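Subject: Structure handover

Hello,

Please find the structure below. Notes on what was found in it follow.

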Amino acid sequence: MADGSRDISRRRNPADKLTEDLVVEILSRVPYKSLCRFKCVSKRWRGIISHPDHRKALPQHHLHDLAGFLYSSRGPGPDYLSIHNFNHVSPGGRPPIRPTLPFLPDCELFDLLDSCNGLLLCRRFETAYSRAFDYVVCNPATEKWVALPGFFSKMQAARLGFDRAVSSHFHVFQFVEDGAADANADTDDDDDGDSFGHVRAVDIYSSKTGAWTHKDSGWDFLPRIVSDSRSVFVNGFLHLLAIESTVVAMDVEGTTWRAIPMPDDEDAPIIDVDVGFIDLSRGRLYLANSDQHDFDKLSIWVLEDYGGEAWVLEHSVRYVNLFGVKNVRLGDEYHIVALHPQ
């Protein structure tokens, strides 16, 4: 019996002898697909990979299945009220959220502005007629919400930053633009048409402090945020596309400001940033857009070195191969809405 015990001991997985810290250090350096396989090494390794305390060390590996797409459209009628829908793509079960967000109180009208890691940023109007509004951040899965302090009347770009692997707190960025449309007025005669939409400052709300802070722009130029462009929050920075063929970024404190030029070929036409798309995948920033030399082809770039500005071309594919029809271009019949997180 003793001899049998020694045989079992010799057959044990050598990986069991590694300390937890050493296992985390090893797993932080492997590709995502390898990490998925390593979950099968043992129950201990599966627990280490899935434990919340290790999310900061393994940020790109703690990815969840896509639940679906929440989107809004304009309904018929003079008020063009938003109609909110949810396309459930997860296998089995009921849709995890109610797209009308009925748990938000005293809400006759709201617009979806942004989403980030499971949270939604909404512009909630006081009534359908006054057009005064406040900001609400909610979790549609848990139906918990919080209204941010202050009421506003000027329509300005606003985005959400949240990374649960780093902190339970979120940040809202409101861009102070020249010529921002007044919600209570049809026109503003004082606007300078040449500077309309240029970002001169950013108001940043922190759920940790419960207050807004005002930060003058720290970029070397005054960018114009692409309307309805997706934002990406990674490494404590919010990233957006600017009309000036640049990805602009700022940190949650408003102390560090970056401008990353989009891939550019001086012998090719200018990239159409209105159809450009940025997203996060495997912990890296990706950019998708029509190819500069061939508008019938989609190019996907990745910022391999986040601290640098060099984009690397990772994929390219013709639209006819994607959609099965000719004469299709991005921004017309089709739009990019998400990249797979893996």
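A nonpolar core here is a set of buried Ala, Val, Leu, Ile, Met, Phe, Trp, Tyr and Cys residues joined through side-chain atoms within 4.5 Å. Buried means under 20% relative accessible area, exposed means over 50%, and partly exposed is in between (1.4 Å probe, protein chains only).

This is a predicted model, in which local features need pLDDT of at least 70 and side-chain atom pairs count only at pLDDT 80 or more, while totals for chains, interfaces and linings use all residues. Residues are numbered from 1 along each chain as its sequence is written, and side-chain values use heavy atoms, with hydrogens and water left out.

The cores

The largest nonpolar core has 32 residues, and Phe170 and Phe175 touch the most other members. At least two residues of this core come from each of β3 (109–116), β4 (119–125), β5 (133–139), β8 (158–162), β9 (170–177), β11 (199–206), β14 (237–242) and β15 (246–251). Strands (E, at least two residues) and helices (H or I, at least four) are DSSP runs, numbered from the N terminus. Leaving aside residues up to four places away in sequence, Phe170 has contacts (heavy atoms within 4.5 Å) that include Leu119, Val137, Leu160, Phe162 and Tyr205. Another core, of 13 residues, lies apart from the largest one; among its members are Val232, Leu285, Leu303 and Trp311.

Helix α4

In helix α4 (residues 43–50), the buried residues are Trp45, Ile48 and Ile49. They are on the same side of α4 because they cover an arc of only 95 degrees around the axis. The arc is that of the directions from the helix axis to the C-beta atoms.

Two loop residues

Most residues other than glycine have a negative phi. Asn117, in the loop between β3 and β4, has a positive phi of about 50 degrees. Asn117 is partly exposed, at 42% relative accessibility. Ser245, in the loop between β14 and β15, also has a positive phi, near 55 degrees. Its relative accessible area is 23%, so Ser245 counts as partly exposed.

The four-stranded sheet

Four strands form an open sheet in the order β17-β18-β19-β20, with antiparallel pairing. Two strands pair if DSSP finds at least two bridges between them. Which strands stand at the edges? They are β17 (277–281) and β20 (312–318); each has a single partner strand, so one side of each has no neighbour in the sheet. β17 and β18 (residues 284–290) run antiparallel and are joined by five bridges. Phe277 has Ala288 in β18 as its bridge partner.

Regards
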